[in-house]
Amino acid sequence: MSRRSDLLRYLGARLALAPLMLWLIASLVFLLLRVAPGDPIDAILGPKAPAAARAALRAQLGLDQPLPVQYGRFLADLLHGNLGTSQASKEPVLAIVRDSLPASLELGLVALLLAAVLGLAVGFSGIARPEGRIDLAGRLFGIGTYALPPFWAAMVVQLVFAVWLGWLPVGGRLPATVLPPEGTGFFLLDSLLAGNGRQFLGALRHLVLPASTLGLLLSGIFTNALRLNLRRALGSDYVEAARSRGLSETLVVLRHALPNALLPVLTITGITVASLIGGALLIEVTYSWPGIAYRLQEAIAQRDYPLVQGIVVVVAALVVLVTVVVDLLVALLDPRVRF
Amino acid sequence: MRSKSPGASVHRLRLLASLLALASLTTACAPPRPAGTLIVASKARIDSLDPVQASRSGQMQVLSALGDPLYAIRADGTIEPRLASGPPVLSADGLTARIPLRRGVRFHDGTPFDAAAMVFSLQRFMAIGTLGYQFSDRVKAVRASGSHEIALELKAPFSPLPRLLSAIFLTPVSPTAYRQHNDTPLNNRFVGTGPYRLSFFSGQQQRLTPFERYWGPQPANRGLDLVTLGNSTALLGALRSGEVDVLLASGLEIDHQQALHRQAAAGRLREGSGPPLSIGFFSLLTDQPPLSNATLRRALAHSLDRRTISERVSRGLRPPLRQLIPPSLEGSDPGAWPAYDPAAARALFRQAGYCNGRVLRLPLTFRSDIPSDRLLALTWQEQVRRDLADCLALEGSGMESTTAYDQLGKGALSLFFYDWIGDYPDAENFLVPLLGCSKVEGSRCAAGNSALSGSFWTAPGLEQELQRSSRIEGPGRQRLLQAIQRRTAAAVPYLPVWLMAETAWSGRRISAPQFDGSGRLRLDRLQRLPGDAAAVSAPGRAAATLAVSPGGPEARR
């Protein structure tokens, strides 16, 4: 009972801090964008538009107002759930986020699943004979995939499997001749729900390369985390105690060492999910994946202030949410955690 | 050692077979393409297809298939009426232009095109168009002077009016469809009069289907899927693997353009280029030392080996340029700027007090996000080190485009390389954006286009000459434009480097890409060829292509 109330208090405190964190992040992005060199007017009109046209556009976008006024408007809109309108396309930022976020989440979740399966399998495979060949290969795999430059790896995979072999498409989310399914924006799910096999296969084919590349690059984190934690767990007193009770090594590993070794992996998964939401930029650019990181990069290049601010706020909110959920899961699963 | 059990082997074989089956299913399930439709790829993401939002070449390209301008520029540079039924009729004072409109034209929503629709579209563009200034700087008012005639009241006589009206951002839209969007853009729809109608829109994909009630000839294909791929390697790979049928060069890296050019020369692809309408040039900051010294600017002009730069950086795809007006346009003067002459450069540097143990160190800024700009800067830097190491040292540094454009107008960049393509093909659209000046202080431009372009240079009477060149036509205009170029060349506020043309490549079974005189790919002429016509004869270039080699502009517009 007392643990449950402690947990609720802990959750309340974490959630209460979230708006403060979001305000800090939003304010920081607002200020940094204004301090950074470059003018949205140049990005929209080019360098040679006449002064009158530039002034008119500046006024139309509200950029002629003093900075505190712009900031006040931004915060007031934010409090009302209005992320503003893109300066470049005049589209509501919320609509742009709604269009591009599912693409990033779909890619990220599939990649994470692949990374977890591959990484944990490799990490676990060497446990029977520590420092043996398989363990050494696992260690090399962990370090190697972690150290691979994402842009280079993505380019190589794209060149080999899409350009040279022609097995899979070079980029995009769907074949050009297939229109996107209606629904949540998760194409695999939407096409399945619609029962459209052509859309599903098209979406799957386009997902294979980016998700595999991203999954491969992330798998090393899981491999190393599991390998190290499992070895530490296998050397601990409670595992020795289990062995002394005559349990088989398989049971010792699966029932006693592995659950404890997986707890830190859960935390790592949380951090990875958080970084994936906005961090798959190079993969998205290489594979022309119309996700939120891709849009963010374009928005920064165009100095599209509302769009950059909106995307950062949404991504920050998701990161906060995922972190809280992972912390709660760890707290629920690990009785040693105190609040 | 343990021997493998037969069961384990069978299990592994099953696993392998399942994996292979999955792989083959995934790879073999490329969806079939509808017969007669084509896929065209480019790097340009399209945020909006409302003409009032159009400012980038990608948007203009799509709009050119969906809409019609009043006039069009043919590949040979001549003007043809499209939605206009004849040339503009000017009043005696040249301040009113009456334009007869074509009858029997319908918008994609079935409503008729008439003078009221044209006036609605032009007024909407003047009110909220991103490039509205291009029109409203010249036109005071628009009105319907008949059911199928409009009258434009000009601010001053303007001889390139038909060329201005060939700009695709002035294409009419259906008043019925856009009435609710009189003061806001309609991004994801387009209801115009062109040969295609828009049947699907997203930033990365647009589907165009032939408009059955189009007033002109029907497209040669049964529809187009226009797709965006985010990087040069993906674009190249997509054409090579046959995933796309046609590829536009804009956004492709020079190496990749060269590779495609070679393949076209070997007959493995078809290639077509538009008229070269984009110029790459240096802007020189003329109102601050050291480049306020005209002798140094002339010395710099003589030090630039354009041929070497063109060969090394663009492998010859971007021909050297010694004027500000593209050679296909009126007013061209191919040798206006000083030619490469290191001896003359050295003499001028000496005259300015350099070379005798004194080296001029000059910061050279290039756009860091455009790979060919970096190569160009490095090549010129090394070429100067080879030729004039005791007189001049160029110190190259990169700056991201948007930041650089901002700094340019503030007079922060001594020597900056970028490019320019006019919104419509006329000399006026190259000279005025670079030389126009609204506040002249002797030979310094305190405000206006010249200041925004980073040179801050003007000359007494130059603004009046520019304005006069927009009023007159014929040989007199040609002479005046050439005189303006020579006058500018003598002062060297800019240093033209090379010329660029939009280029496209198509697969062997697709017809060769053709361009119109505005540099837009004629999407309506692309078609899949029957088997026996698909053989490409080397060098595989389109019959309608011009003499200039490819090399699409990488920057805005």
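Reply: Start with strand β12 of chain B, residues 270-284. This is a predicted model. One partner of β12(B) is strand β15 of chain B, residues 415-421, and the two run antiparallel over seven bridges. In this pairing, B:L284 faces B:L415 of β15(B).

Strand β18 of chain B, residues 494-506, also pairs with β12(B). That pairing is antiparallel too, with 11 bridges. Here B:R270 sits opposite B:S506 of β18(B). Strands of a sheet pair through backbone hydrogen bonds, in a parallel or an antiparallel sense.

How many of the residues of β12(B) are buried? The count is 15 of 15. The strand is mostly covered. In a regular strand, side chains alternate between the two faces of the sheet.

Now turn to another sheet of chain B. It is open and has four strands, in the order β4-β5-β7-β6, with antiparallel pairing. Which strands stand at its edges? They are β4, residues 89-90, and β6, residues 139-146. Each has a single partner strand, so one side of each lacks a neighbour in the sheet.

For β6(B), look at strand β7 of chain B, residues 149-154. The two pair in the antiparallel sense over six bridges. B:V139 has B:L154 in β7(B) as its bridge partner. A helix joins the picture here. Helix α3 of chain B, residues 115-128, lies across β6 and β7 of chain B. Its direction is at about 165° to β6(B).

Next, the contact between the chains. Chain A gives 51 residues to it, and chain B gives 52. On the side of chain A that touches chain B, several helices supply at least two residues each, including α2 (40-45), α3 (51-60) and α7 (150-164) of chain A. Helix α9 of chain A, residues 197-234, is also among them. With six residues, α9(A) makes the largest share of that side. By residue class, the side of chain A divides into 31 nonpolar, 11 polar and nine charged residues.

Last, one residue of chain A. A:R139 belongs to helix α6 of chain A, residues 133-147.

Definitions and conventions:
Residues are numbered from 1 along each chain as its sequence is written. Chains are lettered from A and ligands numbered from 1 in the order in which they are written. This is a predicted model: local features need pLDDT of at least 70, side-chain atom pairs count only at pLDDT 80 or more; totals for chains, interfaces and linings use all residues. A residue is buried if 20 or more other C-beta atoms lie within 10 Å of its own, exposed if 12 or fewer, and partly exposed in between; C-beta atoms are placed from the backbone. Two strands pair if DSSP finds at least two bridges between them. Two residues are in contact if their C-beta atoms, placed from the backbone, lie within 7 Å. Ala, Val, Leu, Ile, Met, Phe, Trp, Tyr, Cys and Pro count as nonpolar, Asp, Glu, Lys and Arg as charged, and the others, Gly among them, as polar. Axes are lines fitted to C-alpha atoms, for helices over the stretch in contact, and angles run from 0 to 180 degrees between N-to-C directions.
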